Amino acid sequence: MVRTAQFGMTVPGAAGEARTAGVRGFVTPPLRTPRRYDLVGVGSLSGRGAVWLRGRRIRGRWSRWVRVADEPIWAGGDDYVQLRGSRPLGGLRLRFVNAHVPGAVAAAHKSQVTLPTGGQLAIGPRAAWGASRCKPTTPAGYGRVDLAFVHHTESLNNYRRSDSASIVLGICLFHRNVNHWDDIGYDFLVDRFGQVFEGRSGGIDAPVIGAQAGGFNVYSTGVAAIGDFRFRRFSSPGMNSLAQLLAWKLSLHGVPAEGTVTVRSGGGVFTPYAKGTPVTLSRIAGHRDADSTVCPGAALYGQLPGLRARVAQLEGPVSRLDLSVSQPKLLYPQPLAFAGRLTPAPGLALPPGATVEIRDQLARGGRVLATLPLAPDGSFAGSLPLVHDDVVMASFPGGGGLPRVVSDAVHATVAPAIALRASAGSVPRGSTVTLSGEVTPPKGRLTLDEQELRRGRYRRVRTLKLKAAAGVFSVTVGLSRPGSFRFTAHTPASHLADAGASPPVTVQVTG
């Protein structure tokens, strides 16, 4: 059974002021934690300077000192913690996570993906690390993949193979509950034994937006090596799986392993690049290339040139699938018109009878909405009726020497159509008028805005809340003074629909 627990502890003031002979700065005495813990981290280091910690079991030896950073540190069942820092440590809030995933659970769940130049790679899906105990707080978001960022988790390196799934679950709980992110930040994680785990929810073959490279998440996929690689190189099994994973993922999105790409920073507190700044990055970049961090550690960062070359070998020639829409904002029942093109890698040709699938990425499993033939030049076009906001992607299943390839995500919003009518266009002062209409697709709640013409401008008078039955609504309002009054019905935006508005209806009130 998967087991989890989370708790906190504040460093006592007196303990945080302690100094130890021969040690620079402040060192706490060994602190007994309220219960045994697997991961430990700090919610905020603001104003604390540099902080290190170590842990041990009741009858065990101390681990080595590890500098506290953004990620939790794997302890694997310690009972004590000790801290040292350049400034007093009293009041520092520690966060602990217990996460245990039995080996049988992790082993029972494996997915296989086909590498572009042949062979298979096993990826442990979210069920393999007990993700039901760390459900996302919001649905997955989708962007595009122009590059991959390589990270390290800053955990200790002496974990066992059977610990890895528990580490991933612990990181997810820390990211969600301490950092207050929607889900685990990384799209994938790789351990020192070569095991690969799916990270953030949304689909391993989709351009899921993670929380792994502030300012650049919408353009990238992020893979974390489990461990601390500031001074120690990532293991050969780990590097081999990392190379295979990136070859599969980048090929899938039509991205070459070598070369650079220029993207615009989204800004934020994690990156030194202001919003809108063009930044040129390697297609396989280290986290430090984009953000203010030493991640993925100096040793692993030094392995990236060799990683790029190996990924390029495994990836082979890269094909590209593009998808675009002419009008992403729709008014129901306006269809979504789209077009795209599959561009085979140089030297490769489209197989006879090739088709692409248009998939609904918000539906479980990526439901196929349409299957379209490819023209000899690889182009395709069509339209789809949509009843709510959606994210669609094109997918070529592979064949004829071409690997499977998918497009970037395309977002479409659908505003409901609202018809509004008045029972009369002109009424005497003191009369009532009935405003009625329909919303399609049906919505249960609306608002009706009333405006009055004053000094050449319509100004708000009041807003009424309405309920609709099967999309039909009606309300009677009184008009007590002469003038020109304009009414508009609205539906609010939701996670499945854009906001809607009716054409305005004007009623003249005579005196």
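Student: Where does Ala-470 sit?
Tutor: In this predicted model, Ala-470 is in the loop between strand S30 (457–467) and S31.

Student: Is Ala-470 buried or exposed?
Tutor: Ala-470 is exposed, because its relative accessible area is 71% and the cut-off for exposed is over 50%.

Student: What about His-180, what is its phi?
Tutor: His-180 has a positive phi of about 65 degrees, and it is not a glycine either. The residue belongs to the loop between helix H3 (164–177) and strand S11 (188–190).

Student: And is His-180 buried or exposed?
Tutor: Exposed, with His-180 at 63% relative accessibility.

Student: Moving to prolines. Which form does the peptide bond from Cys-295 to Pro-296 take, cis or trans?
Tutor: The bond from Cys-295 to Pro-296 is cis, with omega near 15 degrees. Pro-296 is in the loop between S16 and H5.

Student: And the bond from Thr-440 to Pro-441, cis or trans?
Tutor: The Thr-440 to Pro-441 bond is cis, and its omega is near -10 degrees. Pro-441 is part of the loop between strand S28 (431–440) and S29.

Student: Helices now. What should H6 span, and what are its end C-alpha atoms apart?
Tutor: H6 covers residues 304–315, which is 12 residues, and at 1.5 Å a residue it should span 16 Å. The end C-alpha atoms are 16 Å apart, so the two values agree.

Student: Which residues of H6 are buried?
Tutor: The buried residues of H6 are Leu-304, Leu-307, Arg-308, Val-311, Leu-314 and Glu-315. Looking down the axis of H6, those buried residues fall within an arc of 130 degrees, so they line one face of the helix.

Student: What follows H6?
Tutor: Gly-316 follows H6, and its phi is positive, near 70 degrees.

Student: Salt bridges next. How many does the structure hold?
Tutor: The structure holds 17 salt bridges.

Student: What does Arg-320 meet in a salt bridge?
Tutor: The side chain of Arg-320 meets that of Asp-408, with an N to O distance of 3.3 Å. Arg-320 lies in strand S17 (residues 320–325), while Asp-408 lies in the loop between strand S24 (405–406) and strand S25 (410–415), so the pair ties together parts that are 88 residues apart in sequence.

Student: How accessible are the two side chains' residues, Arg-320 and Asp-408?
Tutor: Arg-320 is partly exposed, with a relative accessible area of 22%. Asp-408 counts as buried because it is at 16% relative accessibility, and buried means under 20%.

Student: What does Glu-452 meet in a salt bridge?
Tutor: Glu-452 meets Arg-481 at 2.6 Å, N to O. This pair links distant parts of the chain, 29 residues apart: Glu-452 is in strand S29 (residues 445–454), and Arg-481 is in the loop between strand S31 (472–479) and strand S32 (483–491). Glu-452 is buried at a relative accessible area of 8%, whereas Arg-481 is partly exposed at 35%.

Student: Which residues do salt bridges with shared partners join into a network?
Tutor: Arg-64, Asp-228 and Arg-230 are joined into one network. Within it, the side chains of Arg-230 and Asp-228 meet at 2.7 Å, N to O. Asp-228 is buried, with a relative accessible area of 4%, and Arg-230 is partly exposed at 23% relative accessibility.

Student: Last one, Ser-220. Where is it found?
Tutor: Ser-220 is found in strand S13 (residues 220–225). Ser-220 counts as buried, at 1% relative accessibility.

Student: Which side chain does Ser-220 join in a polar contact?
Tutor: A 2.9 Å polar contact joins the side chains of Ser-220 and Gln-212. The Ser-220 side chain also reaches the backbone oxygen of Phe-216, at 2.9 Å.

Student: And which residues is Ser-220 in contact with, leaving aside neighbours within four places in sequence?
Tutor: With those neighbours set aside, Ser-220 is in contact with Arg-144, Leu-147, Phe-149, Asp-187, Val-208 and Gln-212.

Note on methods. Residues are numbered from 1 along each chain as its sequence is written. This is a predicted model: local features need pLDDT of at least 70, side-chain atom pairs count only at pLDDT 80 or more; totals for chains, interfaces and linings use all residues. Side-chain values use heavy atoms; hydrogens and water are left out. Helices (H or I, at least four residues) and strands (E, at least two) are DSSP runs, numbered from the N terminus. The expected span of a helix is 1.5 Å times one less than its number of residues. Buried means under 20% relative accessible area, exposed over 50%, partly exposed in between (1.4 Å probe, protein chains only). The arc is that of the directions from the helix axis to the C-beta atoms. A salt bridge is a side-chain nitrogen of Lys or Arg within 4 Å of a carboxyl oxygen of Asp or Glu. A polar contact is a pair of N or O atoms within 3.5 Å; within protein, one must be able to donate a hydrogen and the other to accept it, and residues adjacent in sequence count only if both atoms are side-chain atoms. Contact means heavy atoms within 4.5 Å.
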